[in-house]
Amino acid sequence: MITRIVVTALLAGTSGAALAQQQAAAETDQGIPEIVVTAERRSQSLQRVPISISAITSEQLEFRQLTEARDLSAIAPNIAVNGGTTNAAAAVVTIRGIPTNADESMGFDSPIGMYLDGVYLGRSSASTFEVADIERVEVLRGPQGTLFGRNTTGGAVNFVTKAPAEEFGFALRGGLGNFDQRMVRASINSGRIGDALRLSASYLHRRRDGVVDNILQPDGALDPGGFKTDTARVAAVWDVADNLKISNTFDWTRTKGVPMANQLTGVGDGVFRPNAVIDGVQVPRVQPANVRGYLAAATAVQPQCGAPLNSVTTQRLSSLCLDQARPSTDTIWGNLTRLEYSGEAVTIRSSTSWRKWRNVIEGSDLDGLGTIRGPAFTQATTLNGLPQSTLALFQPAGTAAFLASQSVPTTTQPLFQASNDRRQTQFSQELELISAGDGPFQWVLGTFYYSERGYERNPQDFAFVLDTNQAVFSSANFGALAPLLQAGNPARFRAVVQSSTLGYRAGGRSVAVYGQASYRPESLDSKLGVTLGLRYTWDRKWVDRFQNGAAPTTGAEVALNQRNVSFSAPTGHLTVDYRATDDVNLYARVAKGYRSGGFNLRQSTSVANNVGLIPFEEEKIWSYEIGTKLELFNRLRINAAVFHNNYSNLQATVPIPITGGGSFGTQVVNAGKIEYTGFEIEGQLRISSMFSIDGGVGHVVPRVRNFPGTSSTGATVNIASSATPGNAPAWTGNLAGNVRVPLKDDVRMVGRVGWSYVSSQEYFGNPLNTPFADQIRGNARSLLDAQLRFEGLKVGPVKNAALTFWGKNLTNQAYVNRGIDFGQLGFGSVIFGDPRTYGMTLDIAF
């Protein structure tokens, strides 16, 4: 119904356009508006910057309801975003096939740099918050090894917020939508106070109910996908003198919500997965536990949940039994103080920032089931319930009778559930010297200091399903009696109840110096430009892991779990651009990126072998890119780039199966090598003052050259021929039609119908260790959004109001937004993206 309403309204606007031709002709056709960005630390036209960069302005952000990093897929090619698993604020952002970490522990740094007003955000889970006053979002593709240098091997995303305005103003926005969505935002600007001081303040409250019905939870606000967000921001600018400015911005965000539901899509069935043969070498596949057999014999504690196996499907379910799905709360504080001196020859800018994040997850239901009761395994009860006649063959008569009369114990242990308490504090200081004026020689020099401390305590409770016919009543253990014991086994599949906690304190420090210089010879009419950027970074990491299992570390284990390590690397780029005309800009760029090493905090240690936490080294990337930026007839803008990236020393996670099952360990090694080749094209066509079209397409072809695996003999082998990079869709695209029609008395109708596309993707790179790869694969998503806005409305004393109707995923497509393969534990689950959402907002400005 909502699709029909929006489309009908837009068609009506098209008809209205014909009726309003005379009024429209009176409007000045300004062509395609210029977008100003600060990607090179100075204000420049987007078309003049020789970088593959996309930017979206505050007007479009507001109109299209784009408020956080999880909306980035819809605005630029070769960018895709997948949701988090256990907290409502997390996201996995991919640029040109290179994703942020799916593992959210603090042992890894992200290859995609996330920034707020140029301030580096160390944890990707702490970067997807709502900011009430976003001015624009800049997305820089490819390694940014100089100005945005820290760990930005894949690219950078910079959220730029609004500075306090020159004039007094007050704006209020309210909104309603399905799933009981409600929002209110208020912002106020003081204007100039005494010709020197400007202040602004804003507050936003947004909430909605969950999008999946948890049968066990009567409160819709606590259903999966439900959240409540409050965010506030206070900014001040003090013009101390004509050439000296001090600004300070404080922001605070609190999001409490239940993460999207994990739905069980695949379970092990006991079918043996034979070894793969790669280049003539036998490579074992992970053997999943027979969870299907266990669930077939288990029962649901809550009758309304039905048989546990009923919830195992690859189709999106609108309701689930989730006994452990509890709220996740993210709280973020931040403050940025910036001093800027503008001299005749140089601008000096100092940026001092402090940020803090805390995430508390009360409970995560990762198996998508209600409370289930099934047989439990213990060493003392393995013979319970077997036929007395069989037991009498190897037990005394009295013992055989007693054991035969005993039942197999049961447990209500979930397949997997977890909670978490994470905290992170960071401090950064950056000093920049920027050349003033518009001469042929432009330069930037800077120093950067960053430090962080973090803490995590992650308890996990899970069950490993044991096939007792194979593990206990085998011929190796009982010889000729094995067939009798297997035939009389009262519960073949039993759950081994296990608990484990990951707990650690971690920290790090990064120091860098950098410089970038551009030269445009006046003798060549300033058409040719050469830019060289260099940066040198020194990183240090330390970790104190106090628990990685059922009990805290003690004795000799303590020293094995306390480690520190240092890394350093030069990075930079060389860019040549040629401004053939004012509207044609060509460029070629070679850049080197660097991602710091760290620690895999889930790695096992061994006191017996004196093996402690093993650090992994830094990654390196060389990127080669050519591109063009065109504007034709002041109506058509086309930006395109072709790139080739060589990623070496890749941090690859190698699973280490634990003998006997029950879990799996991992080790991160620097043995991977991947090449990414692709292109992206963005365009905008302004047909008239009323009609425009914009869109883009991106394509990435990854080629895995080396990826480590383990052969059947324990040797490391290259399994590149079977590996596929995770979270790396081959195709992304978007296309939209826009209409802007003047109506009566300065009222305007603005409409947009937009389509975005992300092709299918794997979530894990090694299919040998992901038995449920087919069931958890991310399907292609093709999403249709629309907005219809009436501006310039007069409501009583209000002379400037706007009413907007909006809808997202109007076709209600079911698409997988994240998949988890638990491998040896015997099941896989997925998280679906939002279904159809829609609503309306009212804006009032004074």
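The mean pLDDT of the protein chain, that is, the predictor's confidence in each residue from 0 to 100, is 88, and 93% of the residues reach 70 or more. This is a predicted model, in which local features need pLDDT of at least 70 and side-chain atom pairs count only at pLDDT 80 or more, whereas totals for chains, interfaces and linings use all residues. Residues are numbered from 1 along each chain as its sequence is written, and side-chain values use heavy atoms, with hydrogens and water left out.

Two stretches call for caution. Over residues 1-28 the pLDDT stays under 50, and the model has 28 contacts (heavy atoms within 4.5 Å) for them beyond four places in sequence. Residues 657-664 also have pLDDT below 50, with 18 contacts beyond near neighbours in sequence. Where pLDDT is low, the predicted coordinates should not be read in detail.

The structure holds 39 salt bridges, each defined as a side-chain nitrogen of Lys or Arg within 4 Å of a carboxyl oxygen of Asp or Glu. Arg-96 takes part in one with Glu-625, where the closest N and O atoms are 3.1 Å apart. Arg-96 sits in the loop between strand E5 (91-95) and strand E6 (98-99), and Glu-625 in strand E34 (residues 619-632), 529 residues apart; strands are DSSP runs of at least two residues, numbered from the N terminus. Both residues of this pair are buried, meaning under 20% relative accessible area with a 1.4 Å probe, protein chains only.

Arg-96 also forms a salt bridge with Glu-680, with the closest N and O atoms 2.4 Å apart. Because Glu-680 lies in strand E36 (residues 664-686) and Arg-96 in the loop between E5 and E6, this pair ties together parts that are 584 residues apart in sequence. Glu-680 is buried, as is Arg-96.

Strand E36 contributes to another pair: Glu-682 in E36 is linked to Arg-141 in strand E9 (residues 134-141), 541 residues away, by a salt bridge of 3.3 Å, N to O. Arg-141 is buried with a relative accessible area of 3%, and Glu-682 is buried with 17%. Elsewhere, salt bridges that share partners join Glu-59, Arg-173, Arg-740, Arg-748, Arg-789, Glu-791 and Asp-843 into one network.

Asp-323, in the loop between strand E21 (319-320) and strand E22 (328-342), is buried yet has no salt bridge; the nearest side chain of opposite charge (Lys and Arg count as positive, Asp and Glu as negative; His and the chain ends are not counted) is that of Arg-326, 7.1 Å away. Leaving aside neighbours within four places in sequence, Asp-323 is in contact with residues including Leu-216, Asp-365 and Thr-371.

Note on methods
Helix = DSSP H or I, 4+ residues; strand = E, 2+ residues; numbered from the N terminus. Buried < 20%, exposed > 50% of the residue type's maximum accessible area, 1.4 Å probe, protein only.
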